[in-house]
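Please look through the structure shown here before reading the notes on it. The notes are grouped by topic.

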Amino acid sequence: ASQCCRNRKPHEEERRVRANDREYNEKFQYASNCIMTSKYNIVTFLPVNLFEQFQEVANTYFLFLLILQLIPQISSLSWFTTIVPLALVLSITAVKDATDDYFRHKSDNQVNNRQSQVLIRGLLQNEKWMNVRVGDIIKLENKQFVAADLLLLSSSEPHGLCYIETAELDGETNMKVRQSVSVTNELADQNNLASFDGEVVCEPPNNKLDRFCGTLYWRDKKYTLTNQNMLLRGCVLRNTETCYGLVIFAGPDTKLMQNSGSTKFKRTSIDRLMNTLVLWIFGFLVCMGVILAVGNAVWEREVGSLFQSYLPWDPSVDNFLFSAFLSFWSYVIILNTVVPISLYVSVEVIRLGHSYFINWDQEMFCSQCNTAAEARTTTLNEELGQVEYIFSDKTGTLTQNIMTFNKCSINGQTYGEGPDPLDFTPFNPLADPDFCFYDDTLLESVKVGDAHTHKFFRLLSLCHTVMSEEKSEGELVYKAQSPDEGALVTAARNFGFVFRSRTPGTITTTEMGRPVTYTLLAILDFNNIRKRMSVIVRDPEGRICLYCKGADTVLLERLHPCEQELMNVTSDHLHEYAADGLRTLALAYRDLSEDEWEAWSESYCCADKATSCREDRLAAAYEHIEQDMMLLGATAIEDKLQEGVPETIAVLSLANIKIWVLTGDKQETAVNIGYSCKMLTDDMPEVFIISGNTVHSVRQELRRARERMIELSRTREGGKEEGIEGWKQLQCPPPPPSNLMDNISGEFALVINGHSLAHALEADMETEFVSTACACKAVICCRVTPLQKAQVVELIKKHKKAVTLAIGDGANDVSMIKSAHIGVGISGQEGIQAVLASDYSFSQFRFLQRLLLVHGRWSYLRMCRFLCYFFYKNFAFTMVHFWFGFFCGFSAQTVYDQYFITLYNIVYTSLPVLAMGIFDQDVPDQRSLEYPKLYEPGQLNLLFNKREFFICIAQGIYTSVVLFFVPCAVLSDATQSTGEPLADYQTFAVTTATALVIVVSVQIALDTGFWTVINHVFVWGSLGSYFSIMLALHSQTLFLIFPNQFHFVGSAQSTLLQPVVWLTIALATTICIVPVLAFRFLKVDLKPQLSDTVRYTQLVRQKKHGRLGARGGSRRSGYAFAHQEGFGELITSGKNMRLSSLALASFASRHSSGWIDTLRRKKPTHVQTPPRGSVPLEGSGCCIQQPPPALCSYGNQTE
Amino acid sequence: MAKQAPDFANRPDNTAFTQQRLPAWQPMLSAGIVIPGFVLIGLAFIGIGVALLVTSQSIQVFEMDYTGVGNNHPCFHCSDPKPKPCVCKLNFTIDFFLKGPVFFYYGLSNYFQNYRKYSVSKDDDQLSGNLKNFESPSDTCSPYQRDNNKPIVPCGSIANSMFNDTFKLYQNVNATMKPVNFDGKGIAWWTDYNIKYRNPDTTPLRNAFNNTVKPIFWPVPAYELDPKDPANNGFINQNFLVWMRTAALPDFRKLYARINDPPYAEGLPAGSYMLEIQYNYPVLAFGGTKKVVFSNVSWMGGKNDFLGIAYLVIGTLCVLMSIVMLIVYAKFKFPEED
């Protein structure tokens, strides 16, 4: 066990750390480097864990019941009826917590006992991590983990540089560089370091990974410290032999530990509904208690008081009112089983099972990256079956985030459209063999020595922040911050401008086979506001040049005025590229004179050293030099679409899910990706583009879009008379009421850019935006910031009562993922931050359709069926006591044996319903992908809502009435064949209990749609266990051991041998089940759900084709059903011309291609993704370029 | 499925269980099953119902109230809680031959044996012959736990309120009263008699009851319940056992005796009879009634018309329902292929 102490100390204002001075540092009582993520130890486990568990309302409620039961006047049930289930639940949770904590202890111990070398009194000593103190100097070696948050003092590498990998911290796998303050780097060896006594004053511990602000005071001088000087705990040292660091934050104060806070707990709508219902049930319970207590008062007054000769009142309970009061509590105890404690546990178990099914799904396993899907939270599964809005990131989510240098424009000349890939090897031995380019004129131009072309590629080889690693001569590996940059540098490499290595002050390249070393004067780094980066280098000849690359919008503004003509040509090229869905960058340079450089350098230094507003000042300095640049050209990088994206989007939109793409890309790129992934189609009557720059214009555009939608809908609905009148009346007042907007059935799309979105998200515009956007089938928001992504999600959550899902892969999607009901992370190229924030993760966008349409749908269905049945069975069980109350003087006498009450929920009826909740399927997985309409009941929340709840409790109450009054009527006069009356309490109890168990078992058998072996075992096993446990509990053996505990000795045998008892049970069962059966049959017949139809056809086909044909299924029927449910109405109303060509084509092809079916059936393992028909989408990365139809015209109109 | 096999270390197992492809039976409420099913259930129920009704009709029951309400009732003089004992004689005529074996029941109404505090008011340890509980009866027996600081055995409300009317039956044959013998043996459950209730092993039995007192309402201690048969005493007295098996509902009857002895083993012939009742048990105070019942039984026990009628009704409803379903099915035929 670790010996960490966790005493809280007062709030820290600022931190002062003096190197090599433990005594000084101890004054501040900083946390030591020992971490403790575990919650308990052996002594504290029981009390702390129990305390935590009793913070759950349900557990406290049962504890309260238990206390009630210990009061003899109230206790209507033995204490064990509550304590056994409660203990079971508590101990299961406790065991789970204990195992979790055991593993945390283990990992804590392992981490705390890692060795590190600490400089103590001038000597390097091995110390355990947990013994490292703030102010110590630590020596790190290559590939070691950083033990605490360190200030880098010196490094074995030149210029005090050192390289780190931050995968464990933020998930990014690229290397990062850190640099020590130059004065401390001179200390170099350990003797000097031992006498180092600088003092660091810095900010208190916080969780901001990318920021550090502090000052080093040493020898009367001040040095500014930034995040660039820090090595954070959790990083790994790379490519650096050794380095020394001063511990600033240790243990729990480190940024790593500060970041491992608890995440926000998400609840599903079913959870919320369940909580409401449980409250209602409590209300119901109280009502029943009050009714029975009043009954008791009346009874005691009218009958009980007279019956006193045989049953005197307790001396302490001497009047009927007090008796009624006690009776109320007694009934609360008896009737508490309407909300059994096992409800919450069972729900958790079912969700856990569903999560495992997601983790186990082979079809959501990506073999390329060897990642299986992962349900990171186990509490949201059923909500996956209710999603109405998907918010998707583009890059890395819809696209692969693999960037290829595809086209470029140099000096007004565009390259990149040749027939064959170029072969670089003869020209350039250092070329990357994986690189492809399709235009040999560009290579010619390089070979010829065109100055612009050379300058173009020189810029690409110099202006970047890529790190290179050269394992052996010529074997270059680039580590880039972003894949775009990697693609650009690789392009330059292949065209003969090879970036070889860099130091903080130099960049070495091989230009056309000739090694050149540039002096790196400054890096004007990239950020989201600047949207550009520049380097200033001095070439070997001494000329100074600024190279800049950046987004065209910012770069073109900063060009030299004389560049106008080239700028126009390049702009055209940029538009072309963007229209092809490519990512573009513009490149420019500026020659600087020595004077200019000197002057700027000074202002830069000044800005750099500024203590206040440093960043603003730097930005101003950058702005100053990045002016009057000469345009070189532009690059276009292709962002490859992921496999199966168009099909997935098509299927999801057939399932009535609205897809919004939120991207930081430019409008043209985004729109084109929209077309290539079939979000936007040519069949859309109109794609609205909102690009206004002012509130007013945005409002205008939104309104106009809405009016146009109504207009178009009207022309389409023309046939319907009432429609016309309705529209006419309602058209006049702008803005149209939202219910009118809800009726718009057209397939519209909306594209809005970041500027306009900012206005649209303002408070008074919100509703306007929502009503317009939600009437559209697809919405694309481009140029949005991470914050705006989250705002959009919040907006929909606020205005629509719909379940939202956000899917993304990058750090910029984290806010969106966190704010949506369900967050999905794509584990791809851009690190794991999105995955860490997400609830589900997998590696391909196309798995989303399986996650939602198969797993989500099943989870929802199972959970709903589970809840319906669960409430039903408990009402059926409990309400019998209520009816019995009227016959036993409202005395809170139970109908059943105490043991039966204890075991009913945890043994006799728990497993069959769990099995149904975990394994049930109404239709097989392929069918739900084929008929996306099957997803609709979840979105409309049809399977479990307040109405369904009332139906199932009504059924439960009906069952309880039957279960009580039928045995009551039969047994009151019946006798055994030996003449002994059957109306004794124990026989009655056994008969009712047996009837109950049989009825609820038959009911679960009816509810179960998918009988696996496990269901059989559980259902039959539960029945079997009921009879065997009952016979055991009523056996002589147990009675002879505990005569006081088993009053029911012999009742089971005696009762179950009576034919009348079995006739009673059969009668009760039939009366309970027959109406349900008839109702369900008529419902399937009169109002079949799509799932019934699919299931029915499936079964008919199984019979026709025998076992073999069962899995593959006939595709032909797919046409028939989709036709009926999805499109029938459209066709009859004459709207079929607007149908998605994709859907129609695929269905048509299905209809006509019988031989394909035959072929498919021969390959039973083949799994089809639904409408993959005649539309040519085979190639995953193939962008289908389609001219956007109404797009441009409308867009221009609005501007 | 994959042609190339790179690294599949994380690949989930391909089992029917993990892939949710366990072979399964998927029942469906199709017309072919439901409608014939309903007809079948309906017919079966009608059949059973008819059988039950016929059986039930063949059972003969003769019952009489003897609470003694109304001046004319022969037991009226006993209904007043006057000093006991009081005997009343009930003359009655049976018009038919009551086929044997005949069972004789007493019945009480508005009597709440199922009241929670009543039904727990006993000490099972004591009743299974545990002498420790003779000295200190369990608290559940309160308020009939002790009397003047002496333990009550058997303690508790149930035992205390044991039914203590006794009956004698005579047939009036030519104005002579010919006794009809009651057999009070074997009227309790086998398990109650042999397992659940036992006397202490002390012999003679009365020694076990030293230092205890009899229940307050009892005229005699437990070991003297049946003066005629020494074996039928203590906790295994048959009438005591019958009483201790509490009733589920407030109106109940309990077996008092069988009529087994010749010449009445074949049944009670039609004629006039006289029932001599030792009227000890007061019920009028709480509005209860007392009755006696003569009845014979069949394989299914005593007379029970409800069951047969219920079966008939449900069976008929099922058949009707199946017709409705057939019509609905024919009219709105489930969409089928082709």
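What follows is a short briefing on the contact between the chains, on helix packing, on sheets and on some backbone features.

This is a predicted model, in which local features need pLDDT of at least 70 and side-chain atom pairs count only at pLDDT 80 or more, while totals for chains, interfaces and linings use all residues; side-chain values use heavy atoms, with hydrogens and water left out. Residues are numbered from 1 along each chain as its sequence is written, and chains are lettered from A and ligands numbered from 1 in the order in which they are written. Helices (H or I, at least four residues) and strands (E, at least two) are DSSP runs, numbered from the N terminus.

**Contact between the chains**

- The size of an interface is often given as the accessible area lost when the parts come together.
- Contact (heavy atoms within 4.5 Å) links 98 residues of chain B with 108 residues of chain A.
- Between chain B and chain A about 9200 Å² is buried, and carbon and sulfur atoms give 63% of that area. Buried area is the accessible area (1.4 Å probe) that two parts lose on being put together, summed over both.
- On the chain B side, B:Gln20, B:Arg116 and B:Trp189 lose the most area to chain A, together 9% of what that side buries.

- Two packed helices are described by the angle between their axes and the distance between the axes. Axes are lines fitted to C-alpha atoms, for helices over the stretch in contact, and angles run from 0 to 180 degrees between N-to-C directions.
- Angles under 35 degrees count as roughly parallel, over 145 as roughly antiparallel, 65 to 115 as roughly perpendicular and the rest as oblique.
- Helix H9 (residues 269–304) and helix H34 (residues 946–971) of chain A pack at about 40°, with axes 12 Å apart. H9(A) and H34(A) are therefore oblique to each other.
- The crossing of H9(A) and H34(A) is right-handed. A crossing is left-handed if the near helix is turned anticlockwise from the far one by less than a right angle, and right-handed if clockwise.
- From H9(A), the residues A:Leu273, A:Leu277, A:Trp280, A:Ile281 and A:Phe284 meet A:Lys946, A:Phe949, A:Phe950 and A:Ile957 of H34(A). The residues of this contact divide into 8 nonpolar, no polar and 1 charged. Ala, Val, Leu, Ile, Met, Phe, Trp, Tyr, Cys and Pro count as nonpolar, Asp, Glu, Lys and Arg as charged, and the others, Gly among them, as polar.
- Helix H19 (residues 645–654) of chain A packs with H29(A) at an angle of about 25°, and their axes are 9 Å apart. That makes H19(A) roughly parallel to H29(A).
- The crossing of H19(A) with H29(A) is left-handed. A:Thr648, A:Val651 and A:Leu652 of H19(A) and A:Leu848, A:Gln849, A:Leu852 and A:Leu853 of H29(A) make the contact.
- The axes of H29(A) and H30(A) come within 11 Å and cross at roughly 170°. That makes H29(A) roughly antiparallel to H30(A).
- The contact of H29(A) with H30(A) has 5 nonpolar, 3 polar and 1 charged residues.

**Sheets**

- In chain A, an open sheet of 6 strands has the order S3-S2-S4-S13-S5-S11, with antiparallel pairing. Two strands pair if DSSP finds at least two bridges between them.
- The edge strands of this sheet are S3 (123–128) and S11 (230–231) of chain A, each pairing on one side only.
- Strand S2 (residues 115–120) of chain A pairs with S3(A) in the antiparallel sense over 6 bridges. A:Gln117 has A:Asn126 in S3(A) as its bridge partner.
- In chain B, 4 strands form an open sheet with antiparallel pairing, in the order S2-S11-S7-S8. Its edge strands are S2 (87–94) and S8 (176–180) of chain B.
- S2(B) and strand S11 (residues 271–278) of chain B run antiparallel and are joined by 8 bridges. B:Leu90 stands opposite B:Leu275 in S11(B).

**Backbone features**

- B:Val153 and B:Pro154 are joined by a cis peptide bond, with omega about -10°. B:Pro154 is in the loop between strand S6 (150–151) and helix H6 (157–160) of chain B.
- A cis peptide bond also joins B:Thr203 and B:Pro204, with omega about -10°. The loop that holds B:Pro204 is between helix H7 (190–196) and helix H8 (205–208) of chain B.
- A:Phe890 has a phi near 50°, a positive value in a residue other than glycine. A:Phe890 is in the loop between helix H29 (847–885) and helix H30 (898–908) of chain A.
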